[in-house]
Amino acid sequence: MADADGRIVLVNREIERMFGYGREELLGQPIEMLVPMRSRGAHPGFRGEFLRDPRARSMGAGRDLYGVRKDGVEVPVEIGLTPVPTESGVFVLGAVVDITTRRRHEDEQRALTEQLRQAQKLEAVGTLAGGIAHDFNNLLGGILGYAELISFASAPGSPTRRDADEILAIAARGRSLVERILTFSRRQEARRQPMELNGVVTEIHQLLRASLPADIELVVRVPHALPRVMADGTSVHQILMNLAMNSAHAMPRGGRLEIAAQPLYVRDSVARANPGLREGAYVSLEVRDSGTGMPEETKRRAFEPFFTTKATGEGTGLGLAMVHGIMRDHQGAVLLESELGHGTVVRCLFPTIESEESGAGQIELIDAPEGRGQLVLLVDDEPSLLEVGRRRLERLGYRVRSAPSPQQALALLDDPDFDPDLLITDFSMPIMSGVELATRVTATRKELPVILLTGFIDDIAETILASAGIHQVLRKPVTISELATACAHELARKPAQ
Ligand SMILES: Nc1ncnc2c1ncn2[C@@H]1O[C@H](COP(=O)(O)OP(=O)(O)OP(=O)(O)O)[C@@H](O)[C@H]1O
Ligand SMILES: [Mg+2]
């Protein structure tokens with residue numbers, strides 16, 4: 001409650017909690033202290049208006065209102081105002097409701113609606129294009145047939161023969177265009193079979209190495225073994241060629257193109273934000289480039305059939321639409337990450353085949369070891385976890401040195417001949433935390449990658465992690481595939497010696 005001069009005379013617990021001030025810090029202060037700086041100037045005017053016509057109403061009707069907390073953070077609020085006449089003048093009672101959660105739900109709802117709209121649009125354009133392509137294909141059949149007849153009927157080398165052959169060549173180009181359109185508009189179940197994606201990636205590697213310009217560095221990362229997926233090899237081939245071509249186009253002055261395949265577990269939280277995804281185990285096929293990246297508008301429309309930013313004749317705008325269609329047929333999804341000036345990553349997620357041992361789609365087991373005998377220093381104060389960790393890492397093909405405390409890890413590291421390739425440490429340990437340990441270690445061994453294991457509730461600020469040299473945090477319980485992926489990823493960061 002505030003008096004006629006706008007000084008706070010009464011607050012309850014909820015206001016203290018919402019704004020982060022203690023009661024004594026608020027009482028007697030101008031109510032403007034709770035108003036964001038940009039609206040502060042106008043606020044006394046609004047108060048004056050209210051007092052000239054004091055009746056219960058909501059504040060700032062039609063505008064988004066914010067309060068500002070003691071720590072400077074703004075809170076979206078709704079405020080109801082009620083005049084309270086007393087012998088010593090009119091007081092104003094303000095009921096403030098924090099609507100942060102509601103706002104967030106509204107934002108999520110909007111994002112989902114937008115995604116649905118996009119999906120429906122793709123579907124509609126796909127159906128339309130598919131229908132046209134189908135009819136057009138029949139016309140092309142006629143054109144090809146008659147051109148062939150003319151070609152056969154005319155003397156070899158004659159002008160008629162040449163013209164007819166020209167028609168044949170053009171019609172053949174038309175047919176391959178129609179085929180591309182049909183690929184994304186028609187669901188093809190046919191030729192899918194259980195396969196590992198490594199094979200196709202290796203094939204593509206050779207093909208691309210020969211065809212990419214020399215100033216594009218090609219890197220291919222695939223583990224020895226991957227969980228199997230139901231896929232059609234030719235389609236996967238098409239996906240990779242299209243993505244690689246897009247990347248090459250986005251790097252006219254050279255750059256780095258990386259193709260990788262890795263197992264990936266999609267958590268429910270991620271699945272809910274991406275239509276077409278379900279919680280479960282996937283193999284992610286990724287094409288990453290250091291090219292131009294995409295502006296927002298392009299990113300939003302990239303999967304639309306016929307959307308292209310390329311000059312006429314250079315792009316038909318079907319590449320990503322096709323990738324999208326193929327992934328939909330594979331019950332998978334495509335995720336696009338791109339930032340203008342910072343390159344692009346396209347991830348194609350293929351659901352893995354549920355094998356009997358692994359139960360509900362969970363990949364706990366990776367067939368072949370990922371490691372090649374690299375030395376891991378493992379630190380955990382819990383003996384049983386230390387033992388389990390050591391055995392898992394050894395199964396993945398690493399050598400392991402375990403330390404039951406940060407102090408013992410530091411003692412090991414005092415020996416200059418002890419040269420681990422990776423440090424994996426628990427976060428919460430008595431006397432010294434995993435972050436402190438990492439900070440001490442990376443101060444002298446800057447190149448040593450660190451993986452931090454944290455409990456469910458530990459929430460460590462990004463900046464603290466970065467200054468400790470930690471780039472990878474795994475939340476316990478960690479599955480063996482997460483561990484395998486994290487190790488491989490971190491070791492790949494370490495410069496080769
Ligand atoms: N790796 C990438 N980096 C930057 N922009 C990209 C990348 N991939 C796609 N794009 C943008 O998305 C648009 C659509 O891509 P898509 O592959 O569907 O069509 P296209 O490459 O233009 O034509 P087509 O693949 O049919 O020859 C491109 O025109 C380009 O603007
Ligand atoms: Mg393309």
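**Notes on the ligand 1 site**

1. Ligand 1 has 21 residues around it, with Thr 308, Thr 309, Lys 310, Thr 316 and Leu 320 the closest; a residue is near a molecule if one of its heavy atoms lies within 4 Å of it. Bear in mind that this is a predicted model, where local features need pLDDT of at least 70, side-chain atom pairs count only at pLDDT 80 or more, and totals for chains, interfaces and linings use all residues. Residues are numbered from 1 along each chain as its sequence is written, chains are lettered from A and ligands numbered from 1 in written order, and side-chain values use heavy atoms, with hydrogens and water left out.

2. On polar contacts (N or O pairs within 3.5 Å), a polar side-chain atom of Lys 310 sits 2.6 Å from a ligand 1 oxygen. Asp 289 puts a polar side-chain atom 2.9 Å from a ligand 1 nitrogen. Leu 320 uses a backbone N or O atom, 2.8 Å from an oxygen of ligand 1.

3. How much of ligand 1 does the protein bury? Of the 590 Å² that ligand 1 exposes when taken alone, 92% (Shrake-Rupley areas, 1.4 Å probe).

4. Two or more shell residues each come from helix 8 (233-249) and helix 11 (319-329); helices here are DSSP runs of H or I, at least four residues. The axes of helix 8 and helix 11, lines fitted to C-alpha atoms over the stretch in contact, come within 9 Å and cross at roughly 150°. That makes the two helices roughly antiparallel, a label for angles over 145 degrees.

5. By class, the shell around ligand 1 has 12 polar, 6 nonpolar and 3 charged residues, with Asp, Glu, Lys and Arg counted as charged and Gly as polar.

Technical notes:
Polar contact = N/O pair within 3.5 Å; in protein donor to acceptor, adjacent residues only side chain to side chain. Axes fitted to C-alpha atoms, helices over the stretch in contact; angles between N-to-C directions. Parallel < 35°, antiparallel > 145°, perpendicular 65-115°, else oblique.
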